[in-house]
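Morning, everyone. Let me put the model on the screen and walk through it.

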Amino acid sequence: MITGPWATEYEIAGFVFWQGHKDQNAAHASRYEQNLVHLIKTLRKDFNAPDAKFVCATIAFEGDQLSGHGLTVAEAQLAVSGETGNYPEFAGNVKTVDARPFWRDASESPSGAGYHYNHNAATYLEVGTALGEAYVGLLGDSE
């Protein structure tokens, strides 16, 4: 807790996570699920927020054509969602959004870079909206 005349009290109520681009390799992808579970638990512990909600979006490069280590990462991200039942302690407090349907091809984007989702604002907007809706849905589960 921060103290002093400038301090205000705060509560960590949740986390939003959209990451994975640099983990598309054999070493990282093979441990992604285990590491993500550890991250969720560690964030809650370190921030003294055991009930904090956690929403995650999958990586989405190439949309439904995602393959190889990227697909391994996306599947790991989906596996931690409380809906899968793989982690009973995450039921009702962790949700993963599949972002692959929001991928826009380079031909529909301002950049053909591939990374940063071809700099397509529509992709960012749709992923952000889906993450927000998932978070609100988790709040409904806790009431």
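Start with Glu62, which sits in the loop between strand E2 (53-57) and H2. Helices here are DSSP runs of H or I with at least four residues, strands are E runs of at least two, and both are numbered from the N terminus. Before going on, a caveat: this is a predicted model, where local features need pLDDT of at least 70, side-chain atom pairs count only at pLDDT 80 or more, and totals for chains, interfaces and linings use all residues. Residues are numbered from 1 along each chain as its sequence is written, and side-chain values use heavy atoms, with hydrogens and water left out.

Back to Glu62. Its phi is positive, about 75 degrees, although the residue is not a glycine. The cut-offs are under 20% relative accessible area for buried, over 50% for exposed, and partly exposed in between, with a 1.4 Å probe and protein chains only.

Tyr117 also has a positive phi, near 50 degrees, and is a residue other than glycine. Tyr117 lies in the loop between strand E3 (94-97) and helix H3 (121-142). Tyr117 is buried, with a relative accessible area of 6%.

Now the overall layout. The protein chain has three helices and three strands. From the N terminus, the order is β-α-β-α-β-α. The C-alpha trace spans about 50 × 35 × 30 Å along its principal axes. Of the 143 residues, 40% are buried.

Next, E2. How many of the five residues of E2 are buried? Five of the five, so the strand is largely enclosed by the rest of the structure. Lys53, Val55 and Ala57 point one way from E2, while Phe54 and Cys56 point the other way. Note that Lys53 is among the buried ones.

E2 has partners. Strand E1 (residues 14-17) runs parallel to E2, joined by four bridges. Pairing here requires at least two DSSP bridges between the strands. Val16 stands opposite Val55 in this pair. E2 and E3 also run parallel, again with four bridges. There, Phe54 has Val94 in E3 as its bridge partner.

What about the connections? E1, helix H1 (residues 26-46) and E2 make a right-handed β-α-β unit. E2, H2 and E3 make a right-handed unit of that kind too. Right-handed means that, with the strands pointing away from the viewer, the path from the first strand over the helix to the second runs clockwise.

Gln77 is buried, with a relative accessible area of 0%. Which residues does Gln77 contact, leaving aside neighbours within four places in sequence? They are Gln19, Tyr32, Leu36, Cys56, Ala57, Thr58, Ile59 and Thr96. A contact means heavy atoms within 4.5 Å.

Contacts across the chain, then. Among those with a separation of 6 or more, 64% join residues 24 or more positions apart.

Last, charge. The chain has 9 positive and 18 negative side chains. Lys and Arg count as positive, Asp and Glu as negative; His and the chain ends are not counted. The centres of the two sets lie 6 Å apart, placing each charge at NZ of Lys, CZ of Arg, CG of Asp or CD of Glu.
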